[in-house]
Amino acid sequence: MFSSVLVANRGEIARRVITTARRLGIRSVAVYSEADADLPYVAEADAAVAIGPAAPASSYLNGPAIIAAAIQAGAQAIHPGYGFLAENPEFAAAVESAGLIWIGPSPESMAQMGDKINARNLMEAAGVPVSAGTREPVADIAAALAAADQIGYPVMVKASAGGGGIGMSAAAGPAELTAAFETARSRAERFFGNPAILLERYVQRARHVEVQILGLPAGGHGGSSPGASADGRVLALGERDCSVQRRHQKVAEETPSPGVGPALRARMLAAAAQAGETVQYIGAGTVEFLVDVSAEDFTFLEMNTRLQVEHPVTELVTGIDLVEQQFLIAAGEPVSFEPGQVASSGHALELRVYAEDSRRFLPSPGLIAEWVEPSGPGVRVDAGYTAGNRVTPFYDPLLAKLCVHGADRAQALERAAAAVDGFVVSGPKTNLQFHAELLASAEFRSGDYDTSLVDRLRGDSGG
Amino acid sequence: MAEVRAEMVANVWKVVAAEGETVADGDTLVILESMKMEIPVLAEDAGTLTRLAVAEGDLVQEGDLIAVIE
């Protein structure tokens with residue numbers, strides 16, 4: 001195992017990675033922008049390096065500055081967290097060229113999966129179900145209209161290089177498609193530097209369910225434990241239901257999915273492992289699927305070649321520390337558990353606490369005057385902030401992830417409601433009130449919900 | 001006269017309207033960006049845009065003046 005790691009990220013995920021590093025006796029190095037000097041993760045790391053001004057392009061997206069910081073601080077490995085440079089194959093390759101260990105899949109697998117059109121075509125060839133859609137970038141509106149006629153309305157318009165729901169919208173007919181295409185293209189250029197657009201059939205009553213995978217390295221590194229053999233297998237460690245979304249971005253997740261029965265689950269886990277094996281995937285990754293509730297069927301959406309924001313729910317039900325497995329795999333050592341004997345126990349929820357109001361979900365930066373985290377049986381809080389910190393407009397609005405584990409879904413819901421009640425934040429507006437309403441809503445409690453749940457809760461039919 | 005003010009701390013991403021222009025109620029004046037979200041700032045009245053107090057790249061605080069419509 002390497003003895004030191006630099007975390008190329010900020011906020012709750014930097015803190016999360018540092019926590020596991022400390023438990024394993026690995027020295028941690030944080031990097032921070034001028035806006036983040038006071039955040040808890042900077043103080044908790046064994047060392048911290050300032051890397052630039054607040055703007056992400058000058059700090060957390062500045063690959064050369066991060067690699068220089070790693071070398072300066074004597075870090076042997078780089079963990080990218082999620083977002084920023086986590087899915088950038090050029091950065092991963094630059095890390096390896098600098099003689100450092102990249103904690104993630106190979107730059108080749110990242111590149112294959114990073115482009116949604118390429119990933120879709122690759123999965124279709126490998127026999128993983130994909131939805132009807134375009135197989136090459138849609139160049140202009142005329143091509144988009146022609147493609148939509150073939151696929152059939154409604155269609156979903158997406159940026160091929162995109163993520164986080166940015167630039168994504170559904171179109172019910174040609175007029176809406178024209179507007180959606182223009183928006184998607186301008187956002188794709190602006191946020192991802194790549195104007196390629198794809199169209200897919202839009203499923204009306206869909207759930208968004210993803211599978212956690214863990215690719216074990218092929219070949220004989222380490223291997224002192226006979227059970228945890230390094231053999232190129234891709235393990236599927238259960239699913240997460242991410243159907244509670246606003247603006248196509250996740251707000252709450254749970255596992256197991258209340259909308260997926262045993263037969264469908266078995267097919268989805270097998271398809272996710274197949275997807276990983278197709279690109280010889282190594283390390284932690286997530287295969288996202290769209291589940292058609294009425295047809296009890298699923299299609300491949302995309303693959304995230306990194307640790308996922310909502311990974312804690314999988315950790316809570318399996319008892320596996322996914323960051324620890326990432327470290328072990330990057331170091332060429334066997335994973336810490338018996339790959340054939342992963343058991344899932346109980347039910348887990350994650351509620352994303354955002355600095356945004358609970359009605360319109362508009363951002364609300366500001367100084368945090370008061371911050372009290374809930375505690376109790378089954379409660380885990382992964383927080384990026386504390387009292388006295390300033391939430392700035394430069395980064396995403398995630399303040400903390402409130403996670404709960406219960407013996408069953410009913411107990412998890414009960415514990416979640418009490419924990420939301422006990423979470424006190426003053427200063428920036430937060431969506432804690434929204435979470436209280438979500439947990440009390442008949443539709444969420446029934447488990448029979450889909451990706452339009454939040455719109456229905458807010459009395460808004462638009463999607 | 002109507003003053004348009006920022007609802008939150010944000011960066012000015014795009015200035016859409018120009019000083020001296022005639023605007024209608026609901027026209028987009030500028031687009032702010034905060035926490036990876038674009039927030040259009042709309043005219044809340046029809047009239048002449050007599051003052052545009054921000055430029056692209058500016059950081060505005062909650063309550064800062066963005067524009068004046070007369």
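Predicted model: local features only at pLDDT ≥ 70, side-chain atom pairs only at ≥ 80, totals over all residues.
Local features need pLDDT of at least 70, side-chain atom pairs count only at pLDDT 80 or more, and totals for chains, interfaces and linings use all residues. Residues are numbered from 1 along each chain as its sequence is written, and chains are lettered from A in the order in which they are written.

**View 1. Chain B as a whole.** Chain B has eight strands and zero helices. Helices (H or I, at least four residues) and strands (E, at least two) are DSSP runs, numbered from the N terminus. The C-alpha atoms fill a box of roughly 30 × 20 × 15 Å along the principal axes. The radius of gyration of chain B is 11 Å, which agrees with the value near 11 Å for a compact globule of 70 residues. That radius is taken over C-alpha atoms, and the globule rule is 2.2 Å times the number of residues to the power 0.38. Of the 70 residues of chain B, 30% count as buried. Buried means 20 or more other C-beta atoms within 10 Å of a residue's own, exposed means 12 or fewer, and partly exposed lies in between, with C-beta atoms placed from the backbone.

**View 2. The four-stranded open sheet of chain B.** The strand order is β1-β8-β6-β3, with antiparallel pairing. Two strands pair if DSSP finds at least two bridges between them. β1 (2-5) and β3 (22-23) of chain B are the edge strands, each pairing on one side only. Three bridges join β6 (residues 47-52) to β8 (residues 65-69) of chain B. Leu49(B) stands opposite Ile69(B) in β8(B).

**View 3. Thr50(B) in strand β6 of chain B.** Is Thr50(B) buried or partly exposed? Thr50(B) is partly exposed, because 13 other C-beta atoms lie within 10 Å. Beyond its neighbours within four places in sequence, Thr50(B) is in contact with Val68(B) and Glu70(B). Contact means that the C-beta atoms of two residues, placed from the backbone, lie within 7 Å. Thr22(B) is 28 residues away along the chain, and its C-alpha atom is separated from that of Thr50(B) by 9.1 Å.

**View 4. The hairpin of β4(B) and β5(B).** Six bridges join β4 (residues 28-34) of chain B to β5(B), and the two strands run antiparallel. Thr28(B) has Leu42(B) as its bridge partner in β5(B). Two residues lie between the strands of the hairpin, where Met35(B) takes a positive phi near 50°.

**View 5. The contact of chains A and B.** Ten residues come from chain B and ten from chain A. On the chain B side, β2 (10-15) and β5 (37-42) each supply at least two residues. By class, this side has six nonpolar, two polar and two charged residues. Ala, Val, Leu, Ile, Met, Phe, Trp, Tyr, Cys and Pro count as nonpolar, Asp, Glu, Lys and Arg as charged, and the others, Gly among them, as polar.

**View 6. Domains 1 and 3 of chain A.** Chain A is divided into domain 1 (4-103), domain 2 (132-201) and domain 3 (206-457), with bounds from an automatic or database domain assignment. The C-alpha centres of domains 1 and 3 of chain A lie 22 Å apart. Here 24 residues of domain 1 are in contact with 23 residues of domain 3. On the domain 1 side, α1(A) gives the largest share, six residues.
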